[in-house]
Amino acid sequence: MPNFIRIILGALILGAAITLIVFSHWGWGILLIFISILVFVTYIFNEKMLIAQWFLRKENMDKAESWLDSIKNYEKELFKGQWGYYHLLLGLIESRKSPMKSEKFFKKALSFGLTMDHNIALANLSLAGVEMGKRNKREAQRLLKEAEKADKNKLLAEQIKMMKGQMNMLDKTQMVRGGRGGSGFRQF
């Protein structure tokens, strides 16, 4: 349902609630006030996004993807502040299937803007993983530093540390391959 319809529906329900309260139907009026609050909350927090996040936490990627796919036009259905989170969720789902294709979703999420620091750190960490897969060490290090800077509550500290360890292993394998002989591979 488009957002402008949610606002109109919420305003109509609120108007009906006020009318019921004026005519001394307090119980129904209070109930309708709560329903109108719920409608206004779904303007800011889309129910499809919330359900998709819940399935992501349960690690049920198929259902999470189907809920995100049910959002046909994210620009009309979602509040502008949720566009970045929509692409972040798509990127997390896509990274399970094919990590290299998820890069565009993470970049879009960062360009639209994420308000929470740990989500910015997560997007940068995921992009660093993609860059490591491409063997682009310099960009991966830059993204890891940005992720470390954004992770103020140290929620992703262990993953960042693990990614740095993998980067060191990447350096060692490149040294082994590039060293001696004409073939470029070390012979034992």
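1. Let's start with two tyrosines: Tyr-74 and Tyr-86 are both buried, where buried means under 20% relative accessible area, exposed means over 50%, and partly exposed is in between (1.4 Å probe, protein chains only). Please keep in mind that this is a predicted model, in which local features need pLDDT of at least 70, side-chain atom pairs count only at pLDDT 80 or more, and totals for chains, interfaces and linings use all residues. Residues are numbered from 1 along each chain as its sequence is written, and side-chain values use heavy atoms, with hydrogens and water left out.

2. Now look at the rings. Rings of Phe, Tyr and Trp (its six-membered ring) pair if their centres lie within 6.5 Å; planes under 30 degrees apart count as stacked, over 60 as edge-to-face and the rest as tilted. By this rule the count comes to six aromatic pairs. One of them is Tyr-74 with Tyr-86, a stacked pair with 5.2 Å centre to centre and 25 degrees between the planes. The pair links distant parts of the chain, since Tyr-74 sits in helix H5 and Tyr-86 in helix H6, twelve residues apart. Tyr-74, Trp-83, Tyr-86 and Phe-112 form one aromatic cluster.

3. Stepping back to the whole chain, you will find ten helices and zero strands. Here helices (H or I, at least four residues) and strands (E, at least two) are DSSP runs, numbered from the N terminus. Buried residues make up 34% of the 188 residues. A contact means heavy atoms within 4.5 Å; among contacts between residues at least 6 apart in sequence, 50% join residues at least 24 apart. The accessible surface comes to about 12,200 Å², of which 63% belongs to carbon and sulfur atoms, with areas taken from the Shrake-Rupley method with a 1.4 Å probe; for residues, only the protein chains shown count as cover.

4. Next comes the core. A nonpolar core is a set of buried Ala, Val, Leu, Ile, Met, Phe, Trp, Tyr and Cys residues joined through side-chain atoms within 4.5 Å. Of the 36 residues in the largest one, Met-49, Leu-68, Ile-71, Leu-78, Tyr-86, Leu-88 and Leu-144 touch the most other members. Helices H3, H4, H6, H7 (103-112), H8, H9 (137-150) and H10 (157-178) each supply at least two residues, and H6 gives the most, with seven residues. Leaving out residues up to four places away in sequence, Ile-71 touches Lys-48, Met-49, Glu-77, Leu-78 and Tyr-86.

5. Asn-46 caps the N-terminal end, with a side-chain oxygen 2.8 Å from the backbone nitrogen of Lys-48. After H3 comes Glu-59, whose phi is positive, near 65 degrees.

6. Met-61, Ala-64 and Leu-68 are buried in H4. Viewed down the axis of H4, they fall within an arc of 65 degrees, so they line one face of the helix. H3 and H6 are among what covers them.

7. Which residues does Gln-82 contact, leaving aside its neighbours within four places in sequence? They are Ile-44, Phe-45, Asn-46 and Met-49. Gln-82 lies in the loop between H5 and H6, and it counts as buried because its relative accessibility is 9%.

8. Finally, visit helix H8 (residues 117-133), where Asn-124 lies. At 3% relative accessibility, Asn-124 counts as buried. Not counting residues up to four places away in sequence, Asn-124 touches Leu-110, Leu-143, Glu-146 and Ala-147. Leaving aside neighbours within four places in sequence, Val-130 is in contact with Pro-99, Met-100, Ser-102 and Glu-103. The C-alpha atoms of Val-130 and Lys-101 are separated by 8.9 Å, although these residues are 29 apart along the chain.

Notes. A polar contact is a pair of N or O atoms within 3.5 Å; within protein, one must be able to donate a hydrogen and the other to accept it, and residues adjacent in sequence count only if both atoms are side-chain atoms. The arc is that of the directions from the helix axis to the C-beta atoms.
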